[in-house]
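Subject: The model you asked about

Hi there,

Here is the structure for you to open alongside this note. Have a look at it first, and then read on.

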Amino acid sequence: MKRLVTTAVTGLLLASCAAASFAQTPAPALTTAPLPESVPSDLPRVARPLHYRIEVVPDAANLTFAGTSSVEVEVFERTDALTLHANELEFSGVRLLPADGRGDGVALEATLDAEAQTVRLGAPQPIAPGTYRLAFRYSGKINTQATGLFALDYPDKRTGETVRGLFTQFEAPDARRFAPMFDEPSYKATFDLSAVVPANQMAVGNMPIAREEVLADGRKRVTFATTPTMSSYLLFFALGDFERLSAKGPGGIDVGIVSPAGSGEQARLALESTPPLLEYYTDYFGVPYPLPKLDNVAAPGQSQFFGAMENWGAILTFEKYLLIDPTITDPATQTFQYTALAHEIAHQWFGDIVTMAWWDDLWLNEGFASWMETKASAKFRPDWFPLLTRVSGRETAMGYDAFATTHPVIQPIRTVAETNDAFDAISYSKGEAVIAMLEAYAGEDTWREGIRRYIRRHSYGNTTSDDLWRAVEQAGAEGLVEIAHDFTRQPGVPLVSAESACREGRTVLGLMQGEFSRDRKDETAANPQSWRVPLLIRAGQANPVRRVLDGSATLELPGCGAVVVNGGQLGYFRTLYSPAMTSALVEALPGLAPIDQLGLLRDAFALAQAGYQPTGPALDMLAAVPGDANPIVAQGAVARWDSVYDTALEAHRPGVAVQARGHWLPRLQRLGFDPKPGESLVDTDLRGDLLRILGRMGDATVAAEARRRFAALAEDPKSLDGPLKTTWLGIVARNATAAEWDRLAELAGSAPSAVERQAYHALLGAAKDPALANKALDFALTGKAGTSSAAIVTATAREHPDLAFDFAIANRAGVEALVDASGRTGYIAGLAAASRDPAMIGKLERFRETVPADEWRGVDRRIAGIRERLASEPRLAGEIAAWFAAR
Ligand SMILES: [Zn+2]
């Protein structure tokens, strides 16, 4: 899953021709036990599934579906009941049949446990060990948020009429909303899926369609080929008025982009980007993509939590993150599109062929796919500087990881809520940063050889993190397991303190490892955790020095000059330099590698924020970033100016704005207000940031230009079309008058596509004017904006966190209904994130009392963040004022 930064018995089991089409798939082998004891499970360890045959008949208009399912199960010990997962399903009949499906079998009594999300099937007599068929007749719900089988309503691109498409989202445990299942990743099985659907619609599954029959009532039955052995969360189904653009991938794989009808060429870029990625991963993993086809399905809507999902052979990506709409797709979205594509295709191996045994190791799936997406992007889109962008991901992770509310990368997970909560910055971004560090430690070739061994050894099986470490260490990365354990089994961020002296033309460098914390600085200083920290030290032009720091160390480097302890920003730690070393780095900054410029800047600000050093050195470093810096470094610098502006006292803000403009207005002037033909995507993105941030700091020319362009829309509705449309509209929306707000609402209603509608809706929540913010919140609650409704509330919370949080509490049921069931507590708590009101802490504490204990962490994180902000901001504001006064 790609996070946002931002989810039957029809007859008997026949040997179908479909099964034969999947020659490589080993059938699940008969074993002596359902699961190893080391793998957690909600289900009694008496049985496991071998094969599912599921048929659904959706009633899209009424948001329900009928299902029949036949599950071939192996029972290991004598038992009077079998238990499967089921959530919001109603059973009208369950029977136990012999393995060959002959006869009537016996009726079982289904008892649902809503809390446990299971169905217990009681037998009239004990069931003896052996192989059986479970036959279910049931019905279920079609949801309106991205959970289980869900519906999206959107304007048809050809007619403008509202139409409805159906899609599924089963991760983490929501396949149980689609059919009764052993819905845990280690219960791998094969699946035959069929559906009875309107004859004029397109149905999509994991596998190609094996056959289609026209039924007497004009509908058709679509049967997909048998899947390989896989986890239930990877099953997929979609249905609607779709079109498919296709191409041949390596080895003849049928690659398709399935889009809302009328999308045409918007799918072209994603289609053309897919075969090279398949080829690259086939080479990298050393195993070919095993399915005959790979679809990527564009879902016209959105989730507050994720952008795409790696269903095997049928990736789901929200339309905004898959199709290029030249009228509105902005550069940041376009880069996200590519990384989402690279992420989900990487999962087709890492996650789908080899799957974590249990959700404890979710990070292994997500951290790895995140790391691989960056690696693939760096290969195919080097001009976007993906390795530099990775530094921001590491910062996000360290942002969480430096609070007491953090958790280790590998964490015990027992409940559904804990599973959903695990899709966080620690799993994704810390996971990615740690893997990048371990790859650098092992060396690229050794690391890849380890990955190849791991994939070969565990294909169609389940693993834990240690299986990966062992494979890489066996490939030659001695000592890797210990480092990996240090960074994945304990939480937190190492702090490396550095001081140096120049002796006889050589640098004597002293290093000491401690722990970086934002809310327990004294505690961690007295009693830090310890890590073995791999370092890559850069000094001048000499070759970098590699060292694993365990405690403290002294080393000598040739020459005397600036030293970067975390060269290439490959390490997951912060570096606290002595004042003299910091001064040398400030002076040398313009000549350092862009990635180190960025890393040093982020470290300096984080250390100042947490009180390890004053803000002055961070501001010195910010002022030293050259005006012609790499565009990603420039974006990082402009964002820091923005946060300095935010933190400074009202009276000092004009001074900050003058400095920021002095540094960065010339870059904007060089770029101009409009994209130049053939310019790089990162320049377009930088222009957007400069416009937005300098505009926010009161640059009158930018605000006036935004207004002028918005007014011109009345004459020519296409005048704003292009990659900066959302930037200009964002500036207008932020400063909107009541009349401009109404106009934006009107444009949202009449926008020709789901994606454009989504963009306008989010803008409604961006207004600074509290009256308009209230209007936006009320509008969100009407649900008229469909799956974009929650995005309006989110957008409002950026400028008005207290207003948005209070509104959500006052209208809790209504707001919760706008969000995927899996993340409601975290969503509401997140609205408060930007609050600067001490009263918010009490409000969050009262909110926490109303939710189950396994959902507290999301609330505690916000409380800790607000506490820390309230404690540090007065100090930071004073230091900022002093720095400006001294200049
Ligand atoms: Zn993922």
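Predicted model: local features only at pLDDT ≥ 70, side-chain atom pairs only at ≥ 80, totals over all residues.

Residues are numbered from 1 along each chain as its sequence is written, and side-chain values use heavy atoms, with hydrogens and water left out.

**The zinc site.** The zinc ion has as its protein donors Met1 (N), Met1 (O), His343 (NE2), His347 (NE2) and Glu366 (OE), at 1.9 to 2.5 Å. Donors here are N, O and S atoms within 2.8 Å of the metal (3.2 Å for Na, K and Ca); water is not among the atoms, so the site may look incomplete. Helix H3 (residues 331–347) carries both His343 and His347, four residues apart, or about one turn of the helix. Helices are DSSP runs of H or I with at least four residues, strands are E runs of at least two, and both are numbered from the N terminus. His343 and His347 are both buried (under 20% relative accessible area with a 1.4 Å probe, protein chains only; exposed is over 50%, and partly exposed is in between).

**H13 and H14.** Helix H13 (residues 594–610) packs with helix H14 (residues 616–624) at about 155°, their axes 8 Å apart. Axes are lines fitted to C-alpha atoms over the stretch in contact, and angles between N-to-C directions run from 0 to 180 degrees. H13 is therefore roughly antiparallel to H14 (over 145 degrees; under 35 is roughly parallel, 65 to 115 roughly perpendicular, and the rest oblique). Leu600, Leu601, Ala604 and Phe605 of H13 touch Ala618, Leu619, Met621 and Leu622 of H14, contact meaning heavy atoms within 4.5 Å.

**H24 and H27.** The axes of helix H24 (residues 801–810) and helix H27 (residues 839–848) cross at roughly 25° and come within 12 Å, so H24 and H27 are roughly parallel to each other. From H24, Pro801, Asp802, Phe805, Asp806 and Ile809 meet Met840, Lys843, Leu844 and Phe847 of H27.

**Ala210.** Ala210 sits in strand S14 (residues 209–214) and counts as partly exposed because its relative accessibility is 30%.

Best wishes
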